[in-house]
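Visitor: Could we go through this structure together? I would like to begin with the strand pairing.

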Amino acid sequence: AQSGEVAADPQQYDQAYLSPVTIGNSELMLDFDTGSADLWAFSNETPASQSQGHERYDSATGTELDGYSWSITYGDQSGAGGNVYTDKVVVGGVTATRQAVEAATSVSASFSQNIDSDGLLGLAFSSINTVQPRQQTTFFDTVRPTLAKALFTCDLRQGDAGSYTFGYIDSSKYQGTVTYVPVDDSQGFWQFTAGGYSVGGDNATSGSVGTAIADTGTSLLYLPAAVTKAYYEQAGGRYDNQQGGYTLPCNGGAPDFSVAIGGKTFTVPGSYIAYAPLTTGSSTCFGGIQPDTGIGFSIFGDVFLKAVYAIFDVSQGSPRLGFAAQ
Ligand SMILES: Cc1nn(C)c(C)c1CC(=O)Nc1ccccn1
């Protein structure tokens, strides 16, 4: 049985975390994304004007799936599309011999401009993979039958290298016990229900956050508008229409944010929520908590995930998420 571990290196401000992946003879840095289900990469088929600064997948090592294509649009309206190959993909020593690899023939500006990222490796459920005419499986679903345990874990850290593991849980990476909650995979996401919250306090008791997804591919923590408003009232922040989100003082006074999941309280330090200065040297920061208005659910992105050890587990038949304090 296979198992393995791969580093997750943070970009500036922990905007994303990138992991080395070998596809055929190419070694790329991919953004592992539990919020989507396509494995795509800049490739020899991506226009030079869009791929400056990126490592590219050389599809010559792959077997083209004739007449297949893919096209994805993310919630932030970024996107990409192209052709499909099968090739050998290795992540932390775990090998998928014939993995669907989606070679980009077009990518949106934000992907071209983020030169550290050579593509995405989707870890949501394969039911939302965009390949046509026949949907393909994620890397995790492809290797799942060969894994020691049908699960992967995520240990993201503030401003430091974390890791993903496949096939095993590393108990040295968390403290205390793991709290498991059921996952509703009907929308293809690692979707769960979050409970009460508290701003600055220690016991998450007010209100209820509600439906949420665990999404490593999203930088911030998107919460219901009322919860977000309550947070920034205590944090001394304000909604800045020009910035398109809440901002707050960078100066270290931001309160912690706690949320109950499965009856256990998990706390995001205030320092994670003073996310990044609006511009270099500014004393005003863009907030790491933003409203989930219009999204349809809350998104527990990297701002939350770097405060916990997360286990994405399908070993029990129905999927479940495990969270433990880091
Ligand atoms: C769903 C959603 N709505 N809104 C406003 C945001 C920001 C999202 C999350 C999102 O777009 N995540 C993402 C983007 C690119 C690649 C991977 N994940």
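This is a predicted model: local features need pLDDT of at least 70, side-chain atom pairs count only at pLDDT 80 or more; totals for chains, interfaces and linings use all residues.

Visitor: Which sheet has E16 and E17 in its order?

Guide: An open sheet of four strands, in the order E16-E17-E21-E20, with antiparallel pairing. Strand E16 (238-240) and strand E20 (274-277) are the edge strands, each pairing on one side only. From one strand to the next, the twist averages 50°.

Visitor: Which helix packs on that sheet?

Guide: H4 does, touching E17 and E21. The direction of H4 makes about 20° with that of E17.

Visitor: And how many bridges join E20 to E21?

Guide: Three bridges join these strands, which run antiparallel. Ala 274 stands opposite Gly 287 in E21. The two strands form a hairpin with six residues between them, and Gly 281 in the turn has a positive phi of about 90°.

Visitor: Let us turn to the sheet with E13. What is the strand order there?

Guide: The order is E13-E18-E19, in an open sheet of three strands with antiparallel pairing. Its edge strands, strand E13 (197-199) and strand E19 (264-268), each pair on one side only. Here the twist averages 20° from one strand to the next.

Visitor: Which strands of this sheet does helix H4 touch?

Guide: Helix H4 (residues 225-235) packs on the sheet and touches E13 and E18. Its direction makes about 20° with that of E13. As described above, H4 also packs on the four-stranded sheet, through E17 and E21.

Visitor: How many bridges join E18 to E19?

Guide: Five bridges join strand E18 (residues 257-261) to E19, and the two run antiparallel. The bridge partner of Ser 258 is Thr 267 in E19, while Val 259 stands opposite Phe 266 in E19.

Visitor: What about the turn between them, and which residue takes a positive phi?

Guide: The hairpin of E18 and E19 has two residues between the strands. Gly 262 is the residue with a positive phi, near 60°.

Visitor: Where is a positive phi found in a residue other than glycine?

Guide: At Asp 14, whose phi is near 55°. Asp 14 is found in the loop between strand E1 (4-10) and strand E2 (17-23). Most residues other than glycine have a negative phi, and most peptide bonds are trans.

Visitor: On that last point, which residues does a cis peptide bond join?

Guide: Gln 132 and Pro 133, with omega at about 5°. Pro 133 is found in the loop between strand E8 (119-122) and helix H3 (139-143).

Visitor: Changing topic: how many disulfides does the structure hold?

Guide: The structure holds one disulfide. It is formed by Cys 250 and Cys 285, whose sulfur atoms are 2.2 Å apart. The link is right-handed, with 115° about the S-S bond.

Visitor: Which parts does the pair tie together?

Guide: Cys 250 lies in the loop between strand E17 (245-249) and E18, and Cys 285 lies in strand E21 (residues 284-287), so the pair ties together parts that are 35 residues apart in sequence.

Visitor: What lies 2.9 Å from a nitrogen atom of the ligand?

Guide: A polar side-chain atom of Thr 218. A backbone N or O atom of Gly 217 lies 3.3 Å from a ligand nitrogen atom. For Gly 75, a backbone N or O atom lies 3.1 Å from an oxygen atom of the ligand.

Visitor: And how much of the accessible area of the ligand does the protein cover?

Guide: The protein covers 77% of the 440 Å² of accessible area that the ligand has on its own.

Note on methods: Residues are numbered from 1 along each chain as its sequence is written. Side-chain values use heavy atoms; hydrogens and water are left out. Two strands pair if DSSP finds at least two bridges between them. Axes are lines fitted to C-alpha atoms, for helices over the stretch in contact, and angles run from 0 to 180 degrees between N-to-C directions. Contact means heavy atoms within 4.5 Å. A polar contact is a pair of N or O atoms within 3.5 Å; within protein, one must be able to donate a hydrogen and the other to accept it, and residues adjacent in sequence count only if both atoms are side-chain atoms. Accessible areas come from the Shrake-Rupley method with a 1.4 Å probe; for residues, only the protein chains shown count as cover. A disulfide is a pair of cysteine sulfur atoms within 2.5 Å.
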